[in-house]
Amino acid sequence: MDKRTFIKSGLLGFAGIIASSFTARGMVSRILGKNAKRRSEFIQPGLPYAFDALEPYIDRESMELHYAKHHATYTQKFNEAAKGTGIFEKSIREIMGNISNYPLAIRNNGGGYLNHSLFWNMMSPVGGGSPSGILRDAIERDFGSQEAFMNEFNTAAQNLFGSGWTWLIIKDNKLVVTTTQNQDNPLMDVVADKGFPLLCLDVWEHAYYMKNQNRRKDYISGFWNVVNWDYVSQRYTNWQKRNTGIA
Ligand SMILES: [Fe+2]
């Protein structure tokens, strides 16, 4: 490859990553409901960064398998299970909020589809640090400090038995840490802690076993280095606007 071709390829690749980032965020917004009536299938959102972008905290091999195999399979099986059910006409919020009325294949694969779609956006190669502004204030109000919140989240993630997810949600106008089993999520009508998800962490072994083996604790501590607080804060702001009638 000559120098000019190399530069051109690099620019195209970078533009692709930026474009897929916007596509992914727009897609998450769309799958949550805005264009439900125009949908003919559920589309797996693009990964908003390269497979190796979160190294050394999440390795390329795990990320590729997780996105291209696990998430892709949930998406495919969700679409298969959704055929003939009328679900394509409904928003994700409606589906999750009435999940007890659907077959288990919709609950498991629809949950897997949505949870991973959210999860990719919760992380960024330029993530880490801590939140600022109104999200920081809310965390300090409801947990006492960022450190206390992280300790509670870490303990919940570490102690979750088997496969599932750890969440920071808004429940009754308060920030709460909770967990769900399998591919359930806090939007579902079957879970104990229902609420609006701000942050989530996949603690299925498929998310970390290749790199961390049985050391889930290392995976959890690495996660904080890539959390995309800008995205999490944006979710909090969007929720506030909806709940105060501003937007
Ligand atoms: Fe996963």
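Trainee: Where does P56 lie?

Mentor: P56 lies in the loop between α1 (3–34) and α2. Helices and strands here are DSSP runs (H or I, at least four residues, for helices; E, at least two, for strands), numbered from the N terminus. The model is predicted: local features need pLDDT of at least 70, side-chain atom pairs count only at pLDDT 80 or more, and totals for chains, interfaces and linings use all residues. Residues are numbered from 1 along each chain as its sequence is written.

Look at the bond before that proline. The peptide bond from E55 to P56 is cis, with omega near 10°. Next, go into helix α2, residues 60–82, and find Q76 there. Q76 has 15 other C-beta atoms within 10 Å, so it is partly exposed. The classes are these: buried means 20 or more other C-beta atoms within 10 Å, exposed means 12 or fewer, and partly exposed is in between, with C-beta atoms placed from the backbone. Q44 is 32 residues from Q76 in sequence, yet their C-alpha atoms are 8.8 Å apart.

Now the sheet. It is open, with 3 strands in the order β2-β1-β3 and antiparallel pairing. From one strand to the next, the twist averages 25°. Strands count as paired if DSSP finds at least two bridges between them. β1 (residues 164–171) and β2 share 8 bridges. β1 and β3 have 6 bridges. There, I170 has F196 of β3 as its bridge partner. β3 is mostly covered, with 6 of its 7 residues buried.

D172 is in the loop between β1 and β2. Its phi is near 50°, and it is not a glycine. D172 is exposed, because it has 7 other C-beta atoms within 10 Å. N182 is in the loop between β2 and β3. Its phi is near 55°, again in a residue other than glycine. N182 has 16 C-beta neighbours inside 10 Å, so it counts as partly exposed.

Turn to helix α5, residues 133–143. L135, A138 and I139 are buried in α5. They cover an arc of only 100° around the axis, so they sit on the same side of α5. That arc is taken from the directions from the helix axis to the C-beta atoms. An α-helix has 3.6 residues a turn, so residues three or four places apart point the same way. The face turned away from the buried side carries the exposed G133, I134, D137 and R141. The buried residues of α5 pack against α6 (146–159), β2 and α9. After α5 comes G144, with a positive phi near 100°.

Finish with the core. The largest nonpolar core has 50 residues, and M122, L168, L199 and V232 have the most contacts inside it. Such a core is a set of buried Ala, Val, Leu, Ile, Met, Phe, Trp, Tyr and Cys residues joined through C-beta atoms within 7 Å. Leaving out residues up to four places away in sequence, M122 touches L199, C200, V227, N228, Y231 and V232. Contact means C-beta atoms, placed from the backbone, within 7 Å.

Key: Two residues are in contact if their C-beta atoms, placed from the backbone, lie within 7 Å. Axes are lines fitted to C-alpha atoms, for helices over the stretch in contact, and angles run from 0 to 180 degrees between N-to-C directions.
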